[in-house]
Amino acid sequence: MLKSIPAKIVTGQLLVGIAGAAITWPLAGAKAALGAFLGGAIGALLSLYFAIRVFMRRDAESPRAMLRAFQRAEMLKFVMAAALFSLVAIYLADVWIPLMTTFVASLAVYGLALTWKSGDGY
């Protein structure tokens, strides 16, 4: 059982991608289902990267250093998002709507995470 909230967020985003693919496949075909899955997977990958860069740091640092870690991780997350979406757009430009729909839906997991209780912390 997952205890940390970041792990639950990443898992939830992957589940959104899988659910989006399962819904999209019968309606629009396999390529659209792949696009839908990749939308959720991109959201999960970006969240996983951020969690590793920020929350896996156990060393005691000043608040300023922690803020810098958040800022660096967020900036690199934006760069990764642009690169991933550009890469996917090259190969799946015709199924952009399912991809973006599940990506936005995967972001809704953050809203649900506000209601979760943490287990052992991060």
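**Salt bridges, core and helix packing**

K77 forms a salt bridge with E74, with the closest N and O atoms 3.8 Å apart. The model is predicted. A search of the whole structure finds two salt bridges. The largest nonpolar core has 10 residues.

- K77 and E74 are three residues apart in helix α3, so about one helical turn separates them.
- K77 is buried, at 14% relative accessible area.
- E74 counts as partly exposed, at 26% relative accessibility.

- D94 pairs with K31 in a salt bridge, and their closest N and O atoms are 3.3 Å apart.
- This pair links distant parts of the chain: D94 sits in the loop between α3 and α4, K31 in helix α2, 63 residues apart.
- D94 is exposed, with a relative accessible area of 57%.
- K31 is partly exposed, with a relative accessible area of 40%.

**Nonpolar core**
- The largest core consists of A32, I42, L46, A81, F85, V88, L92, V95, L99 and F103.
- Two or more of these residues come from each of α2 (30–55), α3 (63–91) and α4 (96–113).
- Beyond its neighbours within four places in sequence, I42 is in contact with L84, F85, V88 and F103.

**Packing of α2 and α4**
- The two helices, α2 and α4, pack at an angle of about 35°, and their axes are 7 Å apart.
- Their crossing is right-handed.
- On the α2 side, the contact includes A32, G35, G39, I42 and L46; on the α4 side, it includes P98, L99, F103 and Y110.
- The residues of the α2–α4 contact divide into nine nonpolar, seven polar and no charged.

Notes. Residues numbered from 1 in each chain as written. Predicted model: local features only at pLDDT ≥ 70, side-chain atom pairs only at ≥ 80, totals over all residues. Heavy atoms only, no water. Core = buried A, V, L, I, M, F, W, Y, C linked by side-chain atoms within 4.5 Å. Buried < 20%, exposed > 50% of the residue type's maximum accessible area, 1.4 Å probe, protein only. Helix = DSSP H or I, 4+ residues; strand = E, 2+ residues; numbered from the N terminus. Contact = heavy atoms within 4.5 Å. Axes fitted to C-alpha atoms, helices over the stretch in contact; angles between N-to-C directions. Left-handed = near helix turned anticlockwise from the far one by under 90°. Nonpolar A, V, L, I, M, F, W, Y, C, P; charged D, E, K, R; others polar. Salt bridge = Lys/Arg side-chain N within 4 Å of Asp/Glu carboxyl O.
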